[in-house]
Amino acid sequence: MSSDLLRALTVSTAMSIFLCPEAMAQSAPAPEAEAGTSTTEENEDSQAPAGGTQLDTILVVDVGAGANATAGANLITIDQQEIDRKKPQDLREVFSGEPQIAVGGAIPSTQKIYVNGVDENNLAVTVDGSRQNNKVFHHNGTYLLDPALLKAASVQAGVAPADAGPGALAGSLGFETKDAVDLLEPGRNFGGFVTGIWDTNSETFTTGVSGFGRQDGFEYLGYINYGRGDNFTAGNGQEMLGTGTDLISGLAKIAYESVEGHRFELSHEQVRDDELRPYRANVYINRGAEPEVRNYDLRRQNTVFTYTDTSPEGWWDPKIVLAYSRTQIGTLETARSDANIVSPTDGATSSFNGKVENRFALDIGSVTAGFDFYNDRADLDYLNSTEPFFTDERATNIGAYAQARLEPLDQARISIGGRADHQWFTGVDDSDWNNAGLSGNISGEYDLVPEFLTVKAGTSHVWGGVPLAENYLQNPAWTYGDGPEPVTSNNYTAGLEARYNGFTFEANVFRTDINDARLPVFGPETSPVPVSTSIRTLDLVSKGWEIGGRYDWDAGFVSVKYADINADVDGKPADTEIGRYLTTPLGQIVMIGAGYTFDDWGVKVGGDIEIALKTDRTLARHPTDPTSEKKELPGYEVVNAYVEWTPPSKPNFTLRADALNIFDEAYTDRAAYGQDFDGVAPHYDPGRSFRLSATARF
């Protein structure tokens, strides 16, 4: 079957379900359930059922907009218990143990997430169901999240469902923050906690305070976290300038649920990082009169209103989301020719977005159908004393979607869906461009040997519209020629999963093709590409495979995973320069993890090892690469361990010690920017450090 025919089939089938869901209800009866999937992360204190997802354990993962489980998809879930085990302090620690998910950047404000080698800007990223639009400056991270606020994270790598939202070119990534009910002790209506964390390497102290409760149907939560510290030292003893901590974050939530099950929730999350950073925040480059460091003021906020019915009946199971998110970076631009010429510069991206959907329960599963929209904006204020300018690009999108999650046979589960989108794009010159397209996906899994062996596969075609350009690259002289080309993608995944007596074995292969990905440049000063081609596009192919094994028993687990991921841009191996907002060279990565709980003593111990193998694929050159010589990426091994104690006599008090980079490895994490070019010195990651923390709950 050709790929075009497959796309047409998946889209037409999904839209027919959307237009006439009652036809699906006439299928052969079976136990009512949501088509689920198995996850690659398991609770260390429990053992998942064998043979894929069973009827009595059908999983509906509602993390972010539309991140419901889809049979056959490559779903990675980091749940609350996993987060509690890791106690992560940045996004890299959140996804530790998952070689398919690489997080590059030595400090939170420069970290970027790559899924199957693809930059998160090509995923549908949500926080509490709110679309994120964070492509401000390529030397900063595209998403700043304080893990202290996090309840769960869900990644659908490659093939994402239609209800994940628009722009899911290489999958979806959903974050969910904590609710009051997640924190309350059993039988309590009020509670709180205080945390304190000390990092010995950077002498950073972080403290958090929270209060939460519920009364007469109302719920409330307030949380604030503050961190302050100095630069850290790398494994070779070198102080990394511009790596200090000055971060404050907060979360406020209020909700009301009526006795009939009508639930209304309003949340507001805010994070600010305000500290000296290298002039280009994620690398060290000395050019002309530019200072070595400058202040970056990075702010992100996310406000979400959600309505759900917690007591749905029949076909009535609605959800309404209205949200606003914004990311802003302010700094000072210094002229390379004169250190006295300083230009305050401020870039901001924002998204007003929402959706209205309903889940129709069927005898053999469910169909989720609805409408969503976004109104995104990216603007730049460049206040040069002689030539100040303001630029902005805007995009508005309206989409209709349907996703069916079905179990037609006892041993088979299938997910199929589609969406139609129409986008209005406005350039910096106020030119307007309209585009529309269809997307479709189909995936499924089948138990070859019940309770033991499951095979799964999926494919999708995604129409993503025209992505907004990075704020700090916007140029008022840009022209758009015959118009920007909408980006599209094709995704393919296949794998198998075997379970026996606590053992789990997984193997997956994947490929993502992104066509006409937009990568504009400011103009002739920074690239041989002329201004008129600022809408230039590139094609990305990211492919690879992953295998993993895990053993769970009552008191602990051991896990080993290996991934080999390679990406090409316009037919040549990708490097970190041509791969901006697209990909990064990863190669072969091994992740090993283990944990054990001594219940009688209230003690948990564990650790993890990350091994990256050397790769020379970065030596290939692209026409627009800088002229500096290129380098291969060295290998490294990093070992971490922890011990945590909750005294049985004082269960509301916890002490923890983490030993990080135990052998003081001098390394730059594999997904970090700039390490493959001479003349560019990327951040080394922190050397050996001991992190001590205490938590008191009341």
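Visitor: What volume does the largest cavity have?

Guide: The largest cavity has a volume of about 700 Å³. Keep in mind that this is a predicted model.

Visitor: How many cavities of 30 Å³ or more does the count give?

Guide: The count comes to 9 cavities at that cut-off.

Visitor: How do I read the lining of the largest cavity? Which residues lie nearest its centre?

Guide: Begin with the residues, then turn to the elements. The lining of the largest cavity has 46 residues. Nearest the centre lie Asn121, Leu123, Arg131, Gln132 and Pro166. Six names cover the elements that give two or more residues to this lining: β5 (124-127), β17 (338-362), β18 (365-382), β19 (389-409), β20 (412-426) and β24 (503-518).

Visitor: Which element gives the largest share of that lining?

Guide: Strand β18 does, with 4 residues.

Visitor: Now the second largest cavity. What is its volume, and which residues are closest to its centre?

Guide: The second largest cavity has a volume of about 180 Å³. It is lined by 21 residues, and Tyr114, Asn282, Ala671, Ala672 and Tyr673 are the closest to its centre. By class, the lining of the second largest cavity holds 6 nonpolar, 11 polar and 4 charged residues.

Visitor: Let us move to the surface. Which residues form the nonpolar patch?

Guide: The patch is formed by Phe190, Val194, Val209, Tyr220, Ile224, Tyr226, Ile248, Ile254, Leu266 and Phe698. Together they have about 870 Å² of accessible area. Two or more patch residues come from each of β9 (190-199), β11 (218-229) and β12 (245-257). The largest share, 3 residues, belongs to β11.

Visitor: Take one member, Ile248. Where does Ile248 lie? Why is Ile248 classed as partly exposed?

Guide: Ile248 lies in strand β12. The class is read from the relative accessible area: partly exposed runs between the buried limit of 20% and the exposed limit of 50%. Ile248 has 36%, so it counts as partly exposed.

Visitor: What separates the C-alpha atoms of Pro108 and Gly141?

Guide: The two C-alpha atoms are separated by 7.5 Å. Along the chain, Pro108 and Gly141 are 33 residues apart.

How values were computed:
Residues numbered from 1 in each chain as written. Predicted model: local features only at pLDDT ≥ 70, side-chain atom pairs only at ≥ 80, totals over all residues. Heavy atoms only, no water. 1 Å grid on protein atoms, 1.4 Å probe; cavity = no way out; pocket = protein on both sides within 12 Å on 5 of 7 lines; lining within 4 Å. Points joined across faces, edges and corners; volume = space filled by probe spheres on them. Nonpolar A, V, L, I, M, F, W, Y, C, P; charged D, E, K, R; others polar. Patch = residues over 30% accessible without salt bridge, like charges linked within 9 Å, V, L, I, M, F, W, Y side chains within 5 Å. Areas by Shrake-Rupley, 256 points an atom, 1.4 Å probe, with all protein chains shown as cover. Salt bridge = Lys/Arg side-chain N within 4 Å of Asp/Glu carboxyl O. Buried < 20%, exposed > 50% of the residue type's maximum accessible area, 1.4 Å probe, protein only.
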